[in-house]
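Here is a short briefing on the pockets of this protein. Please look over the sequence and structure below before reading on.

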Amino acid sequence: MSADHGLVVHRAGRHALLVELPDAERTGALHAELLRRRAAGTLPPVGEIVPGACTVLLDGVPDPAALARRLTSWTVPAAPPADGDVVTLPVAYDGPDLADVAALWGVPEDEVAARHAACTYRVAFCGFAPGFGYLTGLPRALHVPRRATPRTRVPAGAVALAGPYSAVYPRATPGGWQIIGTMRDPSRLWDPAREQAALLFPGTRVRFAPAQARGGADERFRHTGRQPGADGR
């Protein structure tokens, strides 16, 4: 089902709907409106509301057809400004792609830290790995492409950029994002022993605080531009 505002609703199994939207802004607006209506008690029963880049999954829906008809008739306002507490992540801006990002932005390397840390970010959605939040908030002029050649191993705590998103890798994985820094204590990002295992979840506001780079093992990520192998070298 579709409507003039670009919302398209697909059935996803017996009790779920997948809502597609044209862009991240309208996806965030719909997600915020769904949460607002659920809090107000005006949203029909929905078990889970899971945002993506340009989709929102509604799972645990007793009557998907009825909810789909309602969704396509909604007028969805722009998402309100994020509120609530801000999660601050200390970051040493010592990443191997710092020089490349500075060149793309047309600024000195030390200005990358200042510009990146000046923004307040919002977790648009989570995915890829447990605790990995896709953070929006970079001005369009600071969007950068993914690396032409992904790395086979990006260490936990790597602070990286790709397209409109910033993120912090919660665990060591392959990855193709531009790495500009290192977060101290990335274990905070995902802790199964915590009631809310993910530190960053959709809607969370995030700021980055420049911190002094550490030595030792982190030296392999200090302005070298080297591409680590599977063993991290």
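In this predicted model, β3 makes the top contribution to the lining of the second largest pocket, giving four residues. The volume of that pocket is about 270 Å³. The largest pocket holds about 860 Å³ of space.

**Second largest pocket**

- The lining is made up of 13 residues.
- Glu48, Ile49, Val50, Pro51 and Pro202 are the lining residues closest to the centre of this pocket.
- Two elements, α1 and β3 (48-51), each give two or more residues to the lining.
- By class, eight lining residues are nonpolar, three are polar and two are charged.

**Largest pocket**

- Its lining counts 32 residues.
- Nearest the centre of the largest pocket are Gly28, Ala79, Arg122, Ala124 and Thr136.
- Here the elements with two or more residues in the lining are α1 (24-40) and β6 (121-126).
- Helix α1 supplies eight residues, the largest share of this lining.
- The lining divides by class into 17 nonpolar, nine polar and six charged residues.

**Elements to locate in the view**

- α1 gives two or more residues to the lining of the largest pocket, and α1 also gives two or more to the lining of the second largest pocket.
- β6 spans 121-126 and belongs with the largest pocket as a lining element.
- β3 spans 48-51 and lines the second largest pocket.

Methods
Residues are numbered from 1 along each chain as its sequence is written. This is a predicted model: local features need pLDDT of at least 70, side-chain atom pairs count only at pLDDT 80 or more; totals for chains, interfaces and linings use all residues. Side-chain values use heavy atoms; hydrogens and water are left out. On a 1 Å grid over the protein atoms alone, a cavity is a set of points where a 1.4 Å probe fits but cannot get out, and a pocket is an open set with protein on both sides within 12 Å along at least five of seven lines; lining residues have an atom within 4 Å of a point. Grid points are joined across faces, edges and corners, and a volume is the space filled by probe spheres set on the points. Ala, Val, Leu, Ile, Met, Phe, Trp, Tyr, Cys and Pro count as nonpolar, Asp, Glu, Lys and Arg as charged, and the others, Gly among them, as polar.
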